[in-house]
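Trainee: I have a model open and want to learn how to read it. Where do I start?

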Amino acid sequence: MKIIEKSEVASLTTMKIGGVADRVCFPASTEELICLMDSVRSGNEPWSLIGGGSNVLVSSHDIPGTVICTTGLNWIEQIGRDLLFAGAGVRLPRLSAYAAKLGLSGMEFFEGIPGTVGGAVVMNAGAHGHSTSQILESVTILNLKTGKIEVLTHKDIQFGYRMSSVNPSEQIVICGRFRMLPDTEASIKSRMKENNLARQRTQPIKDPSAGCTFSNPIEINIPAGKLLDSIGAKNWRIGSAQVSSMHANFIINLGNASSQDVCKLITKMQEAAKEKYNILLKPEIKPIGVFDKSEAIIWTNSDQTVTSSFIITR
Ligand SMILES: Cc1cc2nc3c(=O)[nH]c(=O)nc-3n(C[C@H](O)[C@H](O)[C@H](O)COP(=O)(O)OP(=O)(O)OC[C@H]3O[C@@H](n4cnc5c(N)ncnc54)[C@H](O)[C@@H]3O)c2cc1C
């Protein structure tokens with residue numbers, strides 16, 4: 001297994017923020033993942049898990065313990081005509097391109113989402129009116145409570161808007177099984193192109209970011225981006241972290257932003273939304289590593305229990 005000691009995590013994230021981890025491990029098979037988790041957990045050391053690192057804010061402080069990156073779990077297999085099996089670390093655009101070549105439709109919305117299968121299951125990633133839960137048939141997980149490999153079918157998992165009941169602190173996604181519909185490669189690719197163009201028009205895809213900072217609030221029928229735009233948040237800047245001028249729900253890294261810059265900006269955005277709309281914007285991005293208590297509040301106040309074991313407060 002590839003193991004890098006004292007490795008900077010920033011390069012494994014789309015926001016390009018993250019301190020030095022004691023080690024980063026890249027399991028390349030289910031067996032390697034099981035062995036790694038046995039050893040990490042018996043050593044009782046902190047650990048955290050990332051896929052494409054496209055929906056996380058990693059602390060700029062040193063990160064104690066092991067960061068597990070799943071991108072080595074990258075196999076894709078077609079079963080019968082309409083089923084695709086993909087390892088947790090397969091990048092979503094690669095998977096949708098693979099499906100298109102086989103004439104399999106259903107994953108066009110993955111085009112342009114820079115995450116992996118594991119992250120897409122946990123986050124119920126979606127776009128253009130589609131979401132992962134609509135095509136996912138089952139997932140194979142490593143259950144850390146029992147130490148066993150289990151298959152969860154669609155009905156075993158609760159899905160919501162950008163969330164699922166799969167809890168990364170206890171359940172590591174190993175692979176997903178997706179049900180697809182046959183179509184021509186040309187029409188699938190044309191939908192993918194349309195999706196891409198829509199994204200290019202509305203999102204700062206060339207700047208380092210972690211995608212949408214906040215989930216859309218359920219209390220009010222205004223998307224978080226529009227709400228923040230109405231407050232005048234575009235271009236707000238703290239250090240090298242800036243609210244995108246293109247989309248007010250994206251925080252971009254202008255070069256050397258730290259997690260502290262991002263946390264301050266998130267707090268400012270939350271405070272402004274609270275003042276104008278009396279709404280607590282809940283972060284969609286998940287924290288990993290060491291955060292001050294005043295920063296961790298961003299997540300703990302918003303009932304973000306899922307990844308709390310990946311935050312170490314100080
Ligand atoms: C430019 C840009 C555009 C984006 N557009 C969209 C969009 O349109 N729609 C959308 O939904 N999202 C979007 N995102 C956010 C992000 O890409 C998705 O949420 C994606 O599904 C995250 O996958 P990941 O592998 O990067 O997860 P990570 O960011 O690595 O991790 C996210 C969470 O999943 C957990 N996790 C990761 N892998 C596993 C695993 N194998 N098992 C268990 N837990 C795991 C992590 O511990 C963490 O809690 C965008 C991001 C960017 C930067």
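This is a predicted model: local features need pLDDT of at least 70, side-chain atom pairs count only at pLDDT 80 or more; totals for chains, interfaces and linings use all residues.

Trainee: Domains, then. Which residue ranges does the domain assignment give?

Mentor: Domain 1 covers 2–72, domain 2 covers 76–200 and domain 3 covers 206–313. The C-alpha centres of domain 1 and domain 2 are 22 Å apart.

Trainee: How many residues of domain 1 and domain 2 are in contact?

Mentor: On the domain 1 side, 13 residues; on the domain 2 side, 15. Helix H1 (residues 30–42) gives the largest share of the domain 1 side, with 4 residues. Sort that side by class and you get 9 polar, 4 nonpolar and no charged residues.

Trainee: Next, the sheet. What holds strands together in general?

Mentor: Strands of a sheet pair through backbone hydrogen bonds, in a parallel or an antiparallel way. Here, an open sheet of 3 strands runs in the order E4-E21-E22, and the pairing is parallel.

Trainee: Which are the edge strands?

Mentor: Strand E4 (56–58) and strand E22 (311–313), each of which pairs on one side only. On average, neighbouring strands of this sheet are turned by 25 degrees against each other, direction ignored. E4 pairs with strand E21 (residues 286–291) over 3 bridges. Look for Val58, which stands opposite Ile288 in E21.

Trainee: Which helix packs on the sheet?

Mentor: Helix H7 (residues 293–300), which touches E21 and E22. The direction of H7 makes about 140 degrees with that of E22.

Trainee: Now a helix pair. At what angle do the axes of H2 and H4 cross?

Mentor: Roughly 155 degrees, for helix H2 (residues 92–101) and helix H4 (residues 185–202), whose axes come within 8 Å. Angles over 145 degrees count as roughly antiparallel. H2 and H4 are therefore roughly antiparallel to each other. H2 makes the contact through Ser96, Ala100 and Lys101, and H4 through Glu185, Ile188, Lys189 and Met192. These contact residues divide into 3 charged, 3 nonpolar and 1 polar.

Notes: Residues are numbered from 1 along each chain as its sequence is written. Axes are lines fitted to C-alpha atoms, for helices over the stretch in contact, and angles run from 0 to 180 degrees between N-to-C directions. Helices (H or I, at least four residues) and strands (E, at least two) are DSSP runs, numbered from the N terminus. Angles under 35 degrees count as roughly parallel, over 145 as roughly antiparallel, 65 to 115 as roughly perpendicular and the rest as oblique. Two residues are in contact if their C-beta atoms, placed from the backbone, lie within 7 Å. Ala, Val, Leu, Ile, Met, Phe, Trp, Tyr, Cys and Pro count as nonpolar, Asp, Glu, Lys and Arg as charged, and the others, Gly among them, as polar. Domain bounds come from an automatic or database domain assignment. Two strands pair if DSSP finds at least two bridges between them.
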